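Please read them with the coordinates open.

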Amino acid sequence: MGRILLEVCCGSADDVIEAHRGGADRVELNCDLFHGGLTTTLGSLLVAKRETGMKIIAMVRPREGGFCYTQAEFAAAVEDGKLLLEHGADGLAFGFLREDGTVDAQRTRVLAELCRERGKEPVFHRAIDVTPDWRAALDALMELGVARVLTSGQQASVPLGADTIRQMGEYAAGRIEILPGGGVNARNLEWVAAQTGCTQLHMSGHTVRNDPSARNGRGIHYGGCLYPPEDSYKVVDGAYVSGVAAALKNKA
């Protein structure tokens with residue numbers, strides 16, 4: 001197995017700092033990972049870049065729940081993308097689909113060109129996993145100049161979609177990077193790399209931290225109906241990332 005690049009999914013500046021300490025090669029910076037990752041804040045990007053200097057792909061996703069956005073949502077995504085690139089993002093992760101689930105080439109072209117004009121990387125995220133035909137999706141993305149696609153192989157996790165991910169890589173034949181992400185961890189990374197033939201992996205590796213300020217909660221909740229604990233939160237485990245990074249380097 002050759003050199004495997006490690007990308008860590010981050011939901012905050014602290015996440016990026018921990019991923020950097022652990023030896024990650026690149027991060028994808030989001031907010032609201034509970035909903036799959038939404039557009040990061042400029043503040044998080046600025047702090048993360050200042051503290052680490054590492055390569056940061058910034059998520060541009062205006063809301064949860066699908067990838068076919070209103071005109072106002074798409075306009076906001078474009079403005080967010082411009083600001084993130086102007087303030088240090090090394091690329092943008094995004095995904096625009098039509099109502100039938102096919103790639104929205106017109107909207108994808110706008111974000112892809114924003115990146116390419118600035119010498120940055122356009123990345124199509126796991127929206128590809130709900131397209132009806134991944135080959136047609138890859139054809140469209142390659143034509144539009146997208147650099148990379150993040151995918152779980154159109155299954156719930158990379159281990160389940162490994163065969164499709166391998167087929168994607170063979171079909172792409174180096175014309176677009178295939179980045180497996182979703183369910184990759186320290187236990188299965190070697191198997192995933194072998195089964196998919198990938199040269200990079202995307203993982204999270206979060207742990208739970210406590211914040212005592214909300215323990216006197218009186219049953220108060222600030223979010224939706226699932227009600228996660230208000231006195232704890234998740235952050236990337238730098239030691240866990242370090243172990244994964246070391247394992248990948250040892251296998252190179």
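**Notes on the predicted model**

1. Helix α3 packs against helix α4 (residues 105–117) at an angle of about 10 degrees, and their axes lie 10 Å apart. Axes here are lines fitted to C-alpha atoms, for helices over the stretch in contact, with angles running from 0 to 180 degrees between N-to-C directions. The two helices, α3 and α4, are therefore roughly parallel to each other, a label given to angles under 35 degrees, whereas over 145 counts as roughly antiparallel, 65 to 115 as roughly perpendicular and the rest as oblique. On the α3 side the contact is made by Gln71, Phe74, Ala77, Val78, Lys82 and Leu85, and on the α4 side by Arg107, Val110, Leu111, Leu114 and Cys115. Contact means heavy atoms within 4.5 Å. By class, the α3 contact with α4 has eight nonpolar, one polar and two charged residues; Ala, Val, Leu, Ile, Met, Phe, Trp, Tyr, Cys and Pro count as nonpolar, Asp, Glu, Lys and Arg as charged, and the others, Gly among them, as polar.

2. On the basis of the values: this is a predicted model, in which local features need pLDDT of at least 70 and side-chain atom pairs count only at pLDDT 80 or more, while totals for chains, interfaces and linings use all residues. Residues are numbered from 1 along each chain as its sequence is written, and side-chain values use heavy atoms, with hydrogens and water left out. Helices (H or I, at least four residues) and strands (E, at least two) are DSSP runs, numbered from the N terminus.

3. The largest nonpolar core has 61 residues, of which Val8, Leu92, Phe124 and Leu138 touch the most other members. Such a core is a set of buried Ala, Val, Leu, Ile, Met, Phe, Trp, Tyr and Cys residues joined through side-chain atoms within 4.5 Å. Not counting residues up to four places away in sequence, Leu138 touches Ile128, Val149, Met168, Tyr171, Ile176 and Ile178.

4. Asp139 belongs to helix α5 (residues 134–143). With a relative accessible area of 33%, Asp139 is partly exposed; buried means under 20% relative accessible area, exposed over 50%, and partly exposed in between (1.4 Å probe, protein chains only). Asp139 and Ile176 are 37 residues apart along the chain, and their C-alpha atoms are separated by 9.6 Å.

5. Asp90 deserves a look. Its place is the loop between α3 (71–86) and β4 (91–94), and Asp90 is buried, at a relative accessible area of 17%. The side chains of Asp90 and Lys49 are joined by a polar contact of 2.4 Å. A polar contact is a pair of N or O atoms within 3.5 Å; within protein, one must be able to donate a hydrogen and the other to accept it, and residues adjacent in sequence count only if both atoms are side-chain atoms. Beyond four places in sequence, Asp90 touches Lys49, Met54, Lys55, Ile56, Ile57, Lys120 and Glu121.

6. Pro122 lies in strand β5 (residues 121–124) and is buried, with a relative accessible area of 3%. Leaving out residues up to four places away in sequence, Pro122 touches Leu92, Phe94, Ala112, Cys115, Arg116, Gly145, Val146, Ala147 and Arg148.

7. Asp32, in the loop between β2 (26–29) and α2 (42–52), has phi near 55 degrees, a positive value in a residue other than glycine. Asp32 is partly exposed, at 30% relative accessible area. Ala173, in the loop between α6 (158–172) and β7 (177–180), has a positive phi near 50 degrees, again in a residue other than glycine. Ala173 counts as exposed, at 58% relative accessibility.

8. Tyr233, in strand β10 (residues 232–236), is partly exposed, with a relative accessible area of 40%. Apart from neighbours within four places in sequence, Tyr233 is in contact with Thr207, Val208, Arg209, Asn210 and Asp211. Pro212 sits in the loop between β9 (206–210) and β10 and is exposed, at 51%.
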